[in-house]
Amino acid sequence: MGWQLIRLYAILVYGFMFLPVAVVVLLSFNDSQFGAFPMTGFSLRWFEALWNNDAIMRAFRTSIMLGLLTAVISTTLGVLASLALVRYSIPGRNLITTMLIAPILVPEVVLAVALLLFLNFLGIGKSFTLLLFGHVIFTLPFVILVVQARLVGIRRDVEEAALSLGASPRQTFFSITLPLLMPAVAAGALFAFTISFDDITGTLFWKPGGVETVPTQIFAMLRHSISPEINALGTVMIVLTVGLPLLGAALARRMAMKRGG
Amino acid sequence: MSAVTLTDIVKRFGNFTAVHRMSLDIPDGSFVTLLGPSGCGKTTTLRMIAGLLDPTEGDISIKGRRINDVPIYKRNLGLVFQNYALFPHKTVAENVAFGLKYRKVPREEARRRVAEALELVQLPHLGERYPRELSGGQQQRVALARAIVIEPDVLLLDEPLSALDANLRENMRVELKNIQSRIGVTSVFVTHDQSEALAMSDTIVVMSEGRVEQIGAPEEVYNTPASEFVAQFLGASNILPAQALGIEGGELGLELPGFPRLAVPASRAPDVQKSGPAKLVIRAEKLVLESPDSEANGRYSVPAIVETVDYQGQSARYFLRVGDQQLQAINMIDQRPFSQGEAVALRFRARDCAALPVDPAP
């Protein structure tokens, strides 16, 4: 009896969490003019409309470009920072780590306003570069956390063995450390991409006029009306932001298994 | 010619001195062991030779060339670690071939040399496996193959057997020594295990608290310890306060309570020249327990009482009382061990004794 209740409760919680998502996905295939029930038939017309909507496609390209650049820069910086923090004894290591992780803890609005005010103070206007910087700042902690955890597990004597065999420190990094670090690097890059792709708070503050990312575009569209196109866009976003990390995790696991990491 | 020379090496970490002014000459082709308890500076010394640590003072030369400022990857050394340190993402063959890649060895030759090295460590068919598919002993053989395939000037071994279990460790010890003497590579071996050191070395360097206590062949270090520390660290020894009576006719006279007057060969007491307080050293396995009514046959005989028996199967360790002193003896068991409270005669020969000064010679 008690277990039955718990089971029911669990189902209700999951329903509360995922039903809205399911509704969005379901309605994106609805033939009706209105993005609401009842469904009048199966159709891909809203996806087609999406494809033909220049504003959305532009936002999509912006988001993907922004996400990829964020991932590349954030991962590179994150790997370098982790190496410095784990492999070398630098004064104030704990303080630096805390500072690098801090953007996760500070409310995003505060961070967004702070960066904006700071750059205004310096007389630097809004631009795509600023937007990119902002995204790098708050995806970096995730990369550092993932990469650091993995790096701690790579034994120092493996690198020392490579050095003793004649590989220079750089060759050692590329032939030993980086390959062993790869699952974490891939995971970090995926985190960075999806977080950047999803972000709306910071982006609203930092984006220059006329530039829209997918989330800000949806936000703008919602202000006028609830078009069924938004359901279709939501479905595409879900596939990208849920499917991609899952795919990445599966790849990373397979890679780790093959390499015995 | 000496393969490795350390001249007045000092290593400090902040205020802590890990190695005090150490000098050592390692002849070409020899197997030298740095032996001591943890924290004695043996691994620090090895890491300085390897180039993983810089000496605070002093010079390190390999084959007559000063290498203080040569980075590790240009020193041409083979390094074997306690935890194997194989590259987990590379196959066994790729692991072994790693060093050859940076020596620009042509591919065909590299393949041949990898095969030879794996043959030498008796793992000829495992080239395609990954390290995690091998047992600990096999992994350490691969690590050895990887270190010797580059034909290093010196092979440095940092407790390579410590992670293996007891039986395997003894087999590997014999095999490692065989491989070393076959290829004739100069080797520096670090261990805290005295039996490994005694079994494998040409020369043992006993270290304690960053200082060299004694350098010598295994028999020398074992039979004529230069200090109380060496006597205690290598096997079980009885160290008893005694009164030296001076050397006469190549023999040092010693007096101690409960014992007859002893005449120890002067060669076994190199640091005790004059009369005065000294210390008598007798190894536990050189004290033979016999029944009091048996013949001494020219050996010294001391009456004793068995206090405790530590039975170990083929041998037994006895704790004995002589006067107000406790001694220990390790004897093979012939039929049955002596029992607690039994009166026995301790028999030993003059040449099994050694004498040390009270304050170890500087």
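Predicted model: local features only at pLDDT ≥ 70, side-chain atom pairs only at ≥ 80, totals over all residues.
**View 1. Two hairpins in chain B share strand β17(B).** Helices (H or I, at least four residues) and strands (E, at least two) are DSSP runs, numbered from the N terminus, and two strands pair if DSSP finds at least two bridges between them. Strand β17 covers residues 315-322 of chain B and runs antiparallel to β16 (residues 300-311), with six bridges joining the two. Look for B:Val306, which sits opposite B:Leu320 of β17(B). Three residues separate β16(B) from β17(B) in their hairpin, and B:Gly313 in that turn has a positive phi of about 90°. On to β18(B), residues 325-332: eight bridges tie this strand to β17(B), again antiparallel. The hairpin of β17(B) and β18(B) has two residues between the strands, and here B:Gly323 takes a positive phi near 60°.

**View 2. A five-stranded open sheet in chain B.** Reading across, the strand order is β13-β12-β11-β14-β20, and the pairing is antiparallel. β13 (262-265) and β20 (353-357) of chain B are the edge strands with a single partner each, so one side of each has no neighbour in the sheet. From one strand to the next, the twist averages 45°; the axes behind such angles are lines fitted to C-alpha atoms (for helices, over the stretch in contact), and the angles run from 0 to 180 degrees between N-to-C directions. Five bridges hold β20(B) to β14(B), residues 276-283, in the antiparallel sense. One pair to pick out is B:Ala278 with its bridge partner B:Pro357 in β20(B).

**View 3. A four-stranded open sheet, also in chain B.** Here the order is β2-β1-β4-β5, with antiparallel pairing. At the edges are β2 (16-27) and β5 (65-66) of chain B, each of which pairs on one side only. Inside the sheet, β1 (residues 2-13) and β4 (residues 57-62) of chain B run antiparallel and are joined by five bridges. B:Thr7 stands opposite B:Asp59 of β4(B).

**View 4. Two bent helices in chain A, α6(A) and α8(A).** Chain A has 11 helices and zero strands, and its C-alpha trace spans about 70 × 60 × 40 Å along the principal axes. The bend at a residue is the angle between axes fitted to the seven residues ending there and the seven starting there. α8(A) bends by about 55° at A:Met182, with the proline A:Pro183 following within four residues. In α6(A), a kink of about 35° lies at A:Thr139, shortly before A:Pro141. Still, the 25 residues of α6(A) (128-152) reach 35 Å from first C-alpha to last, close to the expected 36 Å.

**View 5. Where chain A touches chain B.** The contact takes 18 residues from chain A and 20 from chain B, where two residues are in contact if their C-beta atoms, placed from the backbone, lie within 7 Å. On the chain A side, α7 (156-164) and α8 (169-198) are the elements that give two or more residues. The largest share, seven residues, comes from α7(A). By class, that side of chain A has nine nonpolar, five polar and four charged residues. Ala, Val, Leu, Ile, Met, Phe, Trp, Tyr, Cys and Pro count as nonpolar, Asp, Glu, Lys and Arg as charged, and the others, Gly among them, as polar.

**View 6. The two domains of chain A.** Domain 1 covers 1-43 and domain 2 covers 50-259, with bounds from an automatic or database domain assignment. Their C-alpha centres lie 31 Å apart. Seven residues of domain 1 of chain A are in contact with nine of domain 2 of chain A. The domain 1 side of this contact has four nonpolar, three polar and no charged residues.

How values were computed:
Residues numbered from 1 in each chain as written. Chains lettered and ligands numbered in written order. Expected span 1.5 Å × (residues − 1).
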